[in-house]
Amino acid sequence: LKAILEEQKTPVTLEADGLGTFTLSRTMNWFQTEVDWVGQPIQLIFDQDENQDDSLAAARTLMGDREDWDRRVREFAARQLLDQINDAVQEDGPVTEEQLLDGLEAESVQVFANGAVEFWLHDEELLWGRAIHVSGTLADGPAEAELEE
């Protein structure tokens, strides 16, 4: 039993050219690494049970066009959620789309072997600890945005 426990404590890593070293999070069952996303660090994640080659190919595609993706995801979230955000933070007056665009930052992105992507965004000043979840596909772009409590 001790040997099994020691094996479970040993980090499992995966080196991916152009992306860095991914480490398995056993509790979440995914591989993650920190990458530079338009000048800030974020977590890049893919599920352990997904096809690794396809997941890494999706990650490389996303990272190769990260400036465009960052803009598209933030604009989509702002358009889709502005009214809901204003209802949630009404005490401080209305938030403009421009304020939201300026404040939103990516926290993490999860890629899937089939080309699906999920972004988690935050704005500590405007959203008061809430997060925004944006999902879509590499082929079609952002498709859904939700304000998480």
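Q: Before we start, what does partly exposed mean here?
A: A residue is buried when its relative accessible area is under 20% and exposed when that area is over 50%; partly exposed is in between. Keep in mind that this is a predicted model.

Q: Thanks! So is D68 buried, exposed or partly exposed?
A: D68 has 23% relative accessibility, so it counts as partly exposed.

Q: Which residues does D68 form salt bridges with?
A: One partner is R71, with the closest N and O atoms 2.3 Å apart. The side chain of R72 also meets D68 in a salt bridge, at 3.6 Å from N to O.

Q: Where do D68 and R71 lie, and how many residues apart are they?
A: Both are in helix α3, three residues apart, which is about one turn of the helix. R72 and D68 both lie in helix α3 too, and they are four residues apart, again about one turn.

Q: What about E75, which residue does E75 form a salt bridge with?
A: E75 forms one with R71, and their closest N and O atoms are 3.1 Å apart. That pair lies in helix α3 as well, four residues apart.

Q: Which residues are linked in a network, then?
A: Salt bridges link D68, R71, R72 and E75 in a network. In total, the structure holds four salt bridges.

Q: Are R71, R72 and E75 buried or partly exposed?
A: R71 is partly exposed, with a relative accessible area of 36%. R72 is partly exposed at 26%, and E75 counts as partly exposed at 27%.

Q: Now R74: why does R74 count as buried?
A: R74 counts as buried because its relative accessibility is 18%, and buried means under 20%. R74 lies in helix α3.

Q: What does R74 touch?
A: Leaving out residues up to four places away in sequence, R74 touches L101, D102 and L104.

Q: New topic! How many strands form the sheet?
A: Eight strands form an open sheet with mixed pairing, and their order runs β1-β2-β3-β4-β5-β6-β7-β8. The edge strands, β1 (13-16) and β8 (141-148), each pair on one side only. On average, neighbouring strands of this sheet are turned by 25° against each other, direction ignored.

Q: Which strands of the sheet does helix α3 touch?
A: Helix α3 (residues 66-88) packs on the sheet and touches β3 (30-37), β6, β7 and β8. The direction of helix α3 makes about 40° with that of β8.

Q: In which sense do β6 and β7 pair?
A: Strand β6 (residues 116-122) and strand β7 (residues 131-137) pair in the antiparallel sense, over seven bridges.

Q: Last one: which residue in β7 stands opposite L121?
A: I132 in β7 stands opposite L121.

How values were computed:
Residues numbered from 1 in each chain as written. Predicted model: local features only at pLDDT ≥ 70, side-chain atom pairs only at ≥ 80, totals over all residues. Heavy atoms only, no water. Pairing = 2+ DSSP bridges. Helix = DSSP H or I, 4+ residues; strand = E, 2+ residues; numbered from the N terminus. Axes fitted to C-alpha atoms, helices over the stretch in contact; angles between N-to-C directions. Contact = heavy atoms within 4.5 Å. Buried < 20%, exposed > 50% of the residue type's maximum accessible area, 1.4 Å probe, protein only.
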